[in-house]
Amino acid sequence: MEIFPVYVLHSGEWEENKFINFVSDCVIIESIFSYNNLVAAISEQIRIDGELNTIEINFLPNVGLPPILIYNDTCVKVYIELKKKNLNFTEYPLFVTVKEIYDNRLDATSSSCRCIPIDSTEIIDIEYIENTKFSENTGIIDDILNEFVEEDQVYKDKETVVSVMKNLTVRERFQFKVKRSSATRYNLMCMDDNCAWSFKSSAVFKANIFKVRSYNNNHTCGYSERYLTQRQVTSVVIASIVKDECVNPKKVYTANDIIEDIQKQHGIEVSYMKAWRAKEIAMAMIRGSPSDSYKELPKYFYMLEQTNPGTVTKLHKSEDGCFLYAYVSLYASIKGWEHCRPIMVVDGSFLKAAYKGTILTACTQDGAGELTASTLFLQFV
């Protein structure tokens, strides 16, 4: 029987195939381990109560590939075989996500079965949400740049809470690590385990909204723990800060401009690649993604045909529904061909969007010798 020391990263969250805001630990596994043995060993090491929580275990087969979920004995055997071939402690670490177990309990005032967290200290005030949800003045926060955080605030969803807290770290120059993150909870603590700073929020019963349960904004840690690095300054956070600068299409706002602005405003240095990704994300926040634009083509062509009777549009897709090419000819242009000279010029230009492609136009001269564009053809390459 062989034993292997394994590097464990737990209590974090996945973001674009990267595990962030984690806590490091280690565990010893044996070559004869089953899936249940592995879960028990990790749960004991990171002090997880098996009655209240369960864990999800992943590992990365290689850099750049998506994580693989370990969910049965076969997955454990594959992982152990990989570990046998590379005994380096930090190679093939295990990424552990802690999730809460829910129990269905019958509410005394209703005949329906409601899902309530087992932890009685976190049972939600049902009367509060039922009164709040239907009020015209709910005070539910949906601004990810909200600067004032306090207890009893209610946020639109967990994603808003996460964004607000990450933006808060940039403004107030400190760092946190995620103590617990699940579909119903988002709890944070300072990077220094001895610091008093803490934040707890949880979902409000039968709703997607999150409420701040407790918030201690008093730091008792040293400056070095807070200021040396900024792990929360991700591309998404930077994008939310600078997106207003990208609204005007005539303004040239480069990655170097983002680096300079973040340094001046918040005293934080970011890499060029992070700034470049932040601009791409900010543009998607403002204008949407290119793939979403292609999805709108059928609606756009339908409206063209409805508002311009006689207009011809054609949209061709592959067997799996992907865009191939599109053709548009307005009715006015079609009629105009009857009075044009019998000479046609076709010109094309490449597109610089994310999916490239070619745009073609067919032009001719009318009776007065003026150039008239008649048809448009868009092809994906």
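Trainee: Which residues touch the most other members in the largest nonpolar core?
Mentor: In this predicted model, I29, L38, I42, I70, Y79 and L94 touch the most other members of that core, which has 24 residues.

Trainee: And which elements give two or more residues to this core?
Mentor: The strands are β1 (3–10), β4 (23–30), β5 (53–59) and β7 (94–100). Helices α1 (35–45) and α2 (73–85) are on the list too.

Trainee: Let's pick I42. What does it touch, leaving out residues up to four places away in sequence?
Mentor: I42 touches V27, I55, I57, L94 and V96 on that count. L94 is also one of the residues with the most contacts to other core members.

Trainee: Is K83 buried or exposed?
Mentor: K83 is buried, yet it has no salt bridge. E91 is the nearest side chain of opposite charge, and it is 7.3 Å away.

Trainee: OK, then what lies 3.1 Å from a polar atom of the K83 side chain?
Mentor: That would be the backbone oxygen of N88.

Trainee: What else does K83 touch, again not counting residues up to four places away in sequence?
Mentor: Besides N88, K83 touches F4, P5, V6, F89, E91 and Y92.

Trainee: Now Y253, please. Where is it?
Mentor: Y253 lies in the loop between α6 (235–242) and α7 (255–266).

Trainee: Why does Y253 count as buried?
Mentor: Y253 counts as buried because its relative accessibility is 5%, and the cut-off for buried is under 20%.

Trainee: Which residues is it in contact with, leaving aside neighbours within four places in sequence?
Mentor: Y253 is in contact with V242, E245, C246, I258, D261 and K279. With D261 there is a polar contact between the two side chains, at 2.6 Å. K279 is 26 residues from Y253 in sequence, and their C-alpha atoms are 8.5 Å apart.

Trainee: Last topic, the whole chain. How many helices and strands are there?
Mentor: The chain has eleven helices and 20 strands. Of its 381 residues, 35% are buried.

Notes
Residues numbered from 1 in each chain as written. Predicted model: local features only at pLDDT ≥ 70, side-chain atom pairs only at ≥ 80, totals over all residues. Heavy atoms only, no water. Core = buried A, V, L, I, M, F, W, Y, C linked by side-chain atoms within 4.5 Å. Buried < 20%, exposed > 50% of the residue type's maximum accessible area, 1.4 Å probe, protein only. Helix = DSSP H or I, 4+ residues; strand = E, 2+ residues; numbered from the N terminus. Contact = heavy atoms within 4.5 Å. Lys, Arg positive; Asp, Glu negative; His and termini not counted. Salt bridge = Lys/Arg side-chain N within 4 Å of Asp/Glu carboxyl O. Polar contact = N/O pair within 3.5 Å; in protein donor to acceptor, adjacent residues only side chain to side chain.
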